[in-house]
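Please open the model in your viewer and keep the selection panel at hand. The stops below go from a pair of helices to a sheet.

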Amino acid sequence: MQIYTTDVLILGGGLSAYMAAYTMLKKRRKDRIMIVAPNRAGESARALRGMALSRLEGDSAVKYGQDTLTVGAHQNDPALVKVLSEESTAVFDRVRTVVNFDLPEENSRFRPVTGDKNALWNTLAESVEKQAEVRKGCCCLRLLIQEDRVQGALCYDEGKRAFFAVSTGTVVLATGGYGELYRENADFASLRGAGSGVGLAYYAGAEMADLEFAAFDEGIVTTLGGVVIDNQCKTSVPGLMACGGATAGVHGAGLMKGNAETAALVFGRRAGHMLTRMDFLSGADEETIYAWANETVYIGQKDQSAAYARIRQEIAHTLNAGAGEIRTQEKIEDGLKIIAHLQHELNDLDLCPLRQVYEKMELDFALIAARLTLLASLEREESCGCYKRAVIHRVEKKTEEEPVPEEAAAEGSNSEQSPVQEEPTQAEPEGVAAESTPEEQSAPDDSIAIVCEPPKEPEYEEQIELVEKEVKPYRVTMRLNNMILMPQKEPWNKNA
């Protein structure tokens, strides 16, 4: 296994990752940067559809920030929204030197890109890839945390089918969100990097929040939670920074059109500026990294591709059922049981060959992201922003009485009007008992026979009632501490 050394390791291959690298390299050309970027289906993270900005007239950064908070149901981090609204114009002025924008849409802050939507990406890539070492088609699978800080990373090169490690004291998570995990009937390639930001942060012990929030738009899911950062893009783990779709707090419980792209560029640039002011620490030595890597990866022989593909589909189905636009406690709890079963199943599978090890670890990230999303959804008991919380009531079905046929009704009415006259019987002589044959004695009396049908059991149907109540600003945070993960509700004004 080859080991590399770098000052900064950036994980991700989208606009946020390249904006961070571009901004840093403008002032610190001699520092070493390595970018580890997975090959993800579609590469949609590289296209710029447009940006959300202040309107042309009678507008301000303050109003833009207020609109962002309103769309996010005031579950946003106010400090991050302030950065977004105040720095978006400066970023836009830089971007429009290479990208053409149309005027804002009516009653909207969204300014769509006209022409080549990859123009910004091409400009950033041309500049960054001349100075940074970019390893495409690669994924990071673990971060080495020693002495309470980042000291390295274990990665996999899909093209070479080989692991490699990186010794570094500074890592930037720019892996994007994990909305692809919701996509059912998708091939395994769609999983590349999806969920890795949450998975890496989980194993590193970083604080995460807002994982219950996702925006649903015509089959496309954009997750709004992730790693908690401050206004300098620092996480709770020293040496670990984050920006873009892998982070929490910017969007809150709802996504304004164009704000995902604006936030990716603003906080990518913010992370780059922070890197220019940092004193970079060294990573772990080779001996330490070798020992750690050998304890992390286990290789076998059995082909597990069929099992992995099935688990991938079950994750998507479970997320849509339990953490979709309408959520109930029963569906969330069922989803948690399914995810727990899938995690045990994945762990119990026989060891796989080297080419499938990274797939197994990516599946592990996906299961972690799904479990944390469901746990956070369970904690938030009210409807909020992008999704609705509901309760299920079992209501007895009202069965309509079967109509009586017209002929039967007519016969019934005639019989009531003209009762049948009984024929007179001859009186028996006194003292003489009436004789009857054995057949007559044993024959059943049809005139008093009663056919009893068992009562029909009532039928029930499920009715969903949305939970509508006042939503106070708070966030659901999670962090792995001593292998115990417990979600917590924390009010936004806890430091007030």
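Angles under 35 degrees count as roughly parallel, over 145 as roughly antiparallel, 65 to 115 as roughly perpendicular and the rest as oblique. The model is a predicted one, in which local features need pLDDT of at least 70 and side-chain atom pairs count only at pLDDT 80 or more, while totals for chains, interfaces and linings use all residues. Residues are numbered from 1 along each chain as its sequence is written, and side-chain values use heavy atoms, with hydrogens and water left out.

Select residues 329-348, helix H9, together with residues 354-379, helix H10: they pack at an angle of about 155° with axes 9 Å apart (helices are DSSP runs of H or I with at least four residues, strands runs of E with at least two, numbered from the N terminus; axes are lines fitted to C-alpha atoms, for helices over the stretch in contact, and angles run from 0 to 180 degrees between N-to-C directions). H9 and H10 are therefore roughly antiparallel to each other. Next, show the side chains where they meet (heavy atoms within 4.5 Å), including Leu336 and Ile339 in H9 and Leu367 and Leu374 in H10.

Now move to the open sheet of four strands, ordered S1-S10-S9-S8 with mixed pairing (two strands pair if DSSP finds at least two bridges between them). Strands S1 (2-5) and S8 (138-146) stand at the edges with a single partner strand each, so one side of each is left without a neighbour in the sheet. Within the sheet, select S9 (residues 149-157) and S10 (residues 162-167), which pair in the antiparallel sense over six bridges; Ala153 stands opposite Val166 in S10. Finally, bring back H10, which packs on the sheet and touches S8, S9 and S10, its direction making about 70° with that of S8.
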